[in-house]
Amino acid sequence: MKYFILFGPPGAGKGTQATAMVENYNLRHISTGELLRKEIADGTELGLKAKSLIDAGALVPDEIVEGMIESVFRKTTGVNGFLLDGFPRTVAQADALDAMLAKNSEEVTAVVSIMIPDEMIRERIKHRASIEGRADDANDDTISNRIRTYHDKTEPLVEYYKGKGKYHEIDGTGTIEDVRKAIAALMDRF
Ligand code: ADP
């Protein structure tokens, strides 16, 4: 099985690009953000716990997302692999992922990182707020916290995966089509 990680700051275009990636390579898309929003919409206990953290621009506890990921791995059949979107988001989650995969003698295939500068993060999120209506996209303080959380907790993963020789960066500032082509050229190598 192939395990691709789709990495990048909030608003980088991960969700947009994920659709083509899963279709072209027959992968199962796992977006932890989407899974959490579904829990919230369903009014589950987990969703209730996650909502206040997400609305504040903070991360939900590692154990929660790790459990969600492992459960999708276990249930999924008939694909060539997985596209992890929004996970891992901390070094602890990356370690947990390695441990989960190692149990089945598997490993991360490659990290596809879509990079955009901080100013563009704000623009893109504002634009998305007007289309998708996500509560965490609508508030300036929440957006600032998400950008800070990204730099503090998630960006260390760049060095983590560089150290393992798995990190591949794509310029996310071009058009959707430019970025799609760059990602396809990269993924064709695996
Ligand atoms: P974006 O990447 O656009 O910020 P996501 O949809 O990936 O949005 O995530 C929305 C929110 O869900 C995050 O700000 C965070 O609170 C929570 N979340 C998603 N994935 C994780 C994760 N792996 N660990 C902790 N919290 C997460």
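Leu36 sits in helix H2. Helices (H or I, at least four residues) and strands (E, at least two) are DSSP runs, numbered from the N terminus. The model is predicted: local features need pLDDT of at least 70, side-chain atom pairs count only at pLDDT 80 or more, and totals for chains, interfaces and linings use all residues. Residues are numbered from 1 along each chain as its sequence is written, and side-chain values use heavy atoms, with hydrogens and water left out.

Leu36 is buried, at a relative accessible area of 6%. Here, buried means under 20% relative accessible area, exposed over 50%, and partly exposed in between (1.4 Å probe, protein chains only). Beyond its neighbours within four places in sequence, Leu36 is in contact with Leu46, Ala50, Ile54, Val60, Ile64, Val65 and Met68. Contact means heavy atoms within 4.5 Å. One of these residues, Ile54, is 18 residues away from Leu36 in sequence. The C-alpha atoms of Leu36 and Ile54 are 9.0 Å apart.

Helix H2 spans residues 32-41 and lies across S2 and strand S3 (81-85). The helix runs at about 60° to S2. Axes are lines fitted to C-alpha atoms, for helices over the stretch in contact, and angles run from 0 to 180 degrees between N-to-C directions.

S2 and S3 belong to an open sheet of five strands. The strand order is S2-S3-S1-S4-S5, with parallel pairing. Strand S2 (27-31) and strand S5 (167-171) stand at the edges. Each has a single partner strand, so one side of each is left without a neighbour in the sheet. Neighbouring strands are turned by 20° against each other on average, direction ignored. Two strands pair if DSSP finds at least two bridges between them. Strands of a sheet pair through backbone hydrogen bonds, either parallel or antiparallel.

Strand S4 covers residues 110-115. S4 pairs with strand S1 (residues 2-7) in the parallel sense over four bridges. Val112 in S4 is the bridge partner of Leu6, and Val111 in S4 stands opposite Ile5. S4 also pairs with S5 in the parallel sense, over five bridges. Met115 stands opposite Asp171 in S5.

Six of the six residues of S4 are buried, so the strand is largely enclosed by the rest of the structure. In a regular strand the side chains alternate between the two faces of the sheet. Both faces of S4 are covered. Ala110, Val112 and Ile114 are buried on one side. Val111, Ser113 and Met115 are buried on the other.

Lys166 lies in the loop between helix H9 (156-163) and S5. Lys166 counts as buried, at 14% relative accessibility. Its side chain reaches the backbone oxygen of Val108 at 2.9 Å. This is a polar contact: a pair of N or O atoms within 3.5 Å; within protein, one must be able to donate a hydrogen and the other to accept it, and residues adjacent in sequence count only if both atoms are side-chain atoms. Not counting residues up to four places away in sequence, Lys166 touches Glu107, Val108, Thr109, Ala110, Val111 and Tyr161.

A polar side-chain atom of Arg37 lies 2.9 Å from a ligand oxygen atom. A polar backbone atom of Ala58 is 2.5 Å from an oxygen atom of the ligand. For Arg146, a polar side-chain atom lies 3.0 Å from a ligand oxygen atom. The protein covers 96% of the 550 Å² of accessible area that the ligand has on its own. Accessible areas come from the Shrake-Rupley method with a 1.4 Å probe; for residues, only the protein chains shown count as cover.

The peptide bond from Phe87 to Pro88 is cis, with omega near -5°. Pro88 lies in the loop between S3 and helix H5 (91-102). Asn26 is not a glycine, yet its phi is positive, near 50°. Asn26 is found in the loop between helix H1 (14-25) and S2, and counts as partly exposed at 34% relative accessibility. Ser105, also not a glycine, has a positive phi of about 55°. Ser105 is in the loop between H5 and S4. Ser105 is exposed, with a relative accessible area of 69%.
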